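These are my notebook entries on what I looked up, kept in the order in which I went through the model.

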Amino acid sequence: MTTVDIAFLLNGRPVSLSVEPRLLLSDALRHHLGMTSTHVGCEQGVCGVCTILLDGAPARSCLMLAVMADGRSVTTAEGLSDPLAEQLRDSFQEHHALQCGFCTPAMLLTAHCLLSAHPEAGESQIREALSGNLCRCTGYQFIIDAVSSLTERGGEGDASHG
Amino acid sequence: MAEEFASAPHFVGARIPRTEDSRLLRGEAQYLDDIQIPNLLEMAFVRSPYAAARILSVDSSAAWNIPGVRAVFTFADMPFVLPQNGPSPIDQPVLARERVRHAGEAVVAVVAESRYIAEDACEAVHVAYTPEEPVLDMQAAQKDRPRRVHDAAPNVFYHQEYETEGFQAAFDTAPHRLTMTFQTTRQTACSLETRGIIAAADPFSGRMTVYCGTQSPHRLRGDLAEMLQMEEHLLRVIVPEVGGAFGMKAATYPEYLAVVQAARLLRQPVKWTADRVESFLSDVHARDDIHDLEVAFDQRGQIIAVKDHLMADGGAYASYPFSGAIGETSLAAKVITGPYDIAHLSTVIDCTYSNKVPLGAYRGVWGPVASFVQEGMVDRIAQFLHLDAAEVRRTNLVQPNQLPYRNAAGMLYDSGSFTESFEHALAQLDYTRWRATQEQARRVGKYLGIGLSNFVEPTAMASSEAGSIGYESCSVRVEPSGTVTAWLGLGPSGQGHETTMAQVLADQLGVDLEHIVVLHGDTDAAPLGGGTGGSRSGPLGGGAAMQAGRKMRERLDVYAAHMLEAAVEDIAWEHGRAHVRGVYARHVSLRDIARIAYNDVRQIPSGLPIGLEVTERYQPPRPVSFSNGTHAAVVEVNPSTGQVTVLDYVVVNDCGTLINPLIVEGQIHGGVAQGVGAALLESLVYDDSGQLLTTTLMDYLLPSAPLVPRMRIEHLVTPSDGALGVKGMGEGSLIASPAAIAGAVNDALSPWGVSFERLPIAPRDIVTSLGRSSAAPV
Ligand code: FES
Ligand code: FES
């Protein structure tokens, strides 16, 4: 089968790759570039565990072909390394915001994006922002707590129901 | 219980963040599909497009011609079955043999250099079928209509009857009787990580290494050995990181046999991972039950007798080793009276084959169904007698002075806090206030409802979907450097055993948590044990860890006493150091002891063996230990859209001693979220030809963050008489929550006289029945 040469920024570093046009971006990241924190749960665009940041905005890598990443900038959870990312990791651990961990890298990416844009977010805004990231284990409550503790309100209002 | 610890318990009972988390948060954890093995081939399956058909021919010549295709297998190439002993005599073939019996059954296995090529090749395989009439309705199936699923056996593969003495007289003379039919539609665990397996021969020993996200590593190894006629010691099962299991990953599946056999035949590593469509078509389904129920009671709502015909559609084969149909009905029949004191019970069970996916385990198994039936029944009685729903529950609850209590089915509730948890839940919720709010809201056209759900949860049973090994095991080694390594036979999938088992060991050994590593899921290293399922890991795994830790500490005490020239009784441990009680200056470290035990062996106190290694097995004193609790939900229903919003949710949970409240609460949150799905969203829908219509997450809806309520949790502690007083708790939250939410929805709709007896209750169902209902709301 014919292949196409592509080049893009992966976690800030340039990568180039020769891929079949039909190769999914999620498979390229996982199986050709070793970024296995990008998980695959449905390939139907619903579960969100394949979330990446494409030029800084959350996108579902299972709904993209690898060739569509050509010339773009892709961030996976492996590439989240700023202070906010570390705070999020600590907060997730402290609040027990993960169980099997399969949804976790994607949750971190989405939460990172939310907090960068809306450090003032309240509980319902956080729930809304995470609504495209399914989790089958935690019932979301501790994820919400982990994220809200890093907002400007510092998790105040946790006790009231959302 | 203080004497069970080397020192005062520091770790058991503490809200300790998990050890597992850091690799997961960095994206470094290796789930099955992340494992890289050189020359790994991939398998894909041609699956049946028909619910029932005869296979006329398989033409795979075009598939063989695709570059990169390495093999195309049919049943003739791997003539193996998952055997069924006992009540259901029908074996499940690895690949369909002459007939297909459910849409999605694997017919042909293709192995290729990549999954993309394997899927191309699947499309090039031509299978010719003659369709047959599918068996889809469980009540018709009981009469072998329209036909038998398996020629060799009647459709009813499990039938049981039970009745308490004097049932009929009690039932006939009761002042009131009501009849109702409860139904749950098919659901499935839907872990976000799908199933998968890799088989790779170990180039050094020639043994076969199998990576699989199973809940029972040792059982899977035994099953593979038996079914594929291999020697057990030539197989090694390794459980990698598992992205959720919930009972569904306890089963041994046909695909597992196909992959291992392919790796044997091709002498090359082979992998299969399910895509989501395959998951819906091949992961065990659950909760396909009907309960035809009659209940007899008096004017106060005291329940006198319950008569229940329990039916379950088991699908095309009994899932191995645990038929969900049998599990759901036979256990429900034993606990259908829940925490209520009901003297008389009569049950009939019928489990049938159909042309659907096999029914297996999903968290709670029988429980979510039985609780829905039991609480629905109580609510119907309250409605009929115009009594308050809480009052009728008070009238019926097993009282503290009745414990231990043997229920009408003969199950012994060893201990519990039934009345206490109920009263605490009402207080937490502020039941009276919500009732007043509900009244006011109705006047302005808002419809609130309150749902109450009292549950019992049989845990730590000898037999569950994990298998029928009634014990769990733990090996502990103090390493030459003084750190501690422990191995358990469990198969966790996010429950945090690496942390909780370390907490138990840390207290037993008097060492700090960071000096303990807990490993699991490798049959080469872990002592033989049952695995994870049936809420057994906490009480049984915890019991094994405690026992192994204690055994090790007894040995360490002798060393310390010898080295400090003190009596064994005077030795105390803290932070990995033994001292003479009260005299901190006289101490030795674990490291000092380990050095002698391994290197300076002539100094070992007489009577002790060389080294510091023990393996212990723990079997609980009782065959089952009951957790209990109460869930209370408040919902608002929008009558024009059918939208249900959960406004408040309270859980009072009693699982005995808590090893780690943080982890217990996480389990509860997750179970309640799954209960929200079970009550309002999740439904596997078959059409009239036996096609599964819900094969994507756009059709089978999982609860997302905005839908799941904030939960308020209170713990009660009624210890079991097993190790540490721990009871299991992995399932109670999903057992109780569908009933609480369904009850709340029905309560909200009571002005219409509408009451749902079928789960899930979708917005469409609500709008349709309100439209049909003649009674206008008050
Ligand atoms: S794998 Fe991409 S959304 Fe589920
Ligand atoms: S932690 Fe398991 S799916 Fe979220």
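Which residues are buried in H6(B)? I found Pro217(B), His218(B), Arg219(B), Leu220(B), Arg221(B), Gly222(B), Asp223(B), Leu224(B), Ala225(B) and Met227(B) to be buried, where buried means under 20% relative accessible area, exposed means over 50% and partly exposed lies in between, with a 1.4 Å probe and protein chains only. Ten of the eleven residues of H6(B) are buried, so this helix is largely enclosed by the rest of the structure.

Before going further I note the conventions: this is a predicted model, in which local features need pLDDT of at least 70 and side-chain atom pairs count only at pLDDT 80 or more, whereas totals for chains, interfaces and linings use all residues. Residues are numbered from 1 along each chain as its sequence is written, chains are lettered from A and ligands numbered from 1 in the order in which they are written, and side-chain values use heavy atoms, with hydrogens and water left out.

**Entry: the surroundings of H6(B)**

I then looked up what covers the buried residues of H6(B), and the cover includes strand E4 (81–82), strand E12 (208–212), strand E13 (235–238) and H7 of chain B; helices here are DSSP runs of H or I with at least four residues, strands are runs of E with at least two, and both are numbered from the N terminus. Helix H6 (residues 217–227) of chain B packs against helix H7 (residues 254–266) of chain B at an angle of about 65°, and their axes are 11 Å apart. The axes are lines fitted to C-alpha atoms, for helices over the stretch in contact, and the angles run from 0 to 180 degrees between N-to-C directions. On the H6(B) side the contact is made by Leu220(B), Leu224(B) and Met227(B), and on the H7(B) side by Tyr256(B), Leu257(B) and Val260(B), contact meaning heavy atoms within 4.5 Å. I sorted the residues of this contact into six nonpolar, no polar and no charged, counting Ala, Val, Leu, Ile, Met, Phe, Trp, Tyr, Cys and Pro as nonpolar, Asp, Glu, Lys and Arg as charged, and the others, Gly among them, as polar. After H6(B) comes Gln229(B), whose phi is positive, near 55°.

Thr352(B) has its place in strand E17 (residues 344–352) of chain B, and at 0% relative accessibility it counts as buried. Leaving aside neighbours within four places in sequence, I list among the contacts of Thr352(B) the residues Met138(B), Ala141(B), Gln142(B), Asn155(B), Val156(B) and Phe157(B), as well as Ala312(B), Asp313(B), Gly314(B) and Gly315(B).

Leu385(B) lies in helix H10 (residues 367–385) of chain B and is buried, with a relative accessible area of 17%. With neighbours within four places in sequence again left aside, Leu385(B) is in contact with His176(B), Phe297(B), Asp298(B), Gln299(B), Arg300(B) and Gly301(B). For Gly301(B) I noted a separation from Leu385(B) of 84 residues in sequence and 7.2 Å in space, C-alpha to C-alpha.

**Entry: backbone details**

I looked up two cis peptide bonds. One joins Tyr320(B) and Pro321(B), with omega about 0°, and Pro321(B) sits in the loop between strand E16 (303–313) and helix H9 (324–335) of chain B. Another joins Leu403(B) and Pro404(B), with omega about -5°, and Pro404(B) lies in the loop between helix H11 (389–396) and strand E18 (405–406) of chain B.

I also checked positive phi values. Asp144(B), a residue other than glycine, has phi near 60°; it is placed in the loop between helix H4 (138–141) and strand E9 (156–163) of chain B and is partly exposed, with a relative accessible area of 24%. In chain A, Asp55(A) has a positive phi of about 50° although it is not a glycine; it is found in the loop between strand E3 (51–54) and strand E4 (57–60) and is partly exposed at 48% relative accessible area.

**Entry: chain A as a whole**

Chain A holds five helices and five strands, which run β-β-α-β-β-β-α-α-α-α from the N terminus on. Buried residues make up 58% of the 162 residues in chain A. Along its principal axes the C-alpha trace of chain A spans about 55 × 30 × 20 Å.
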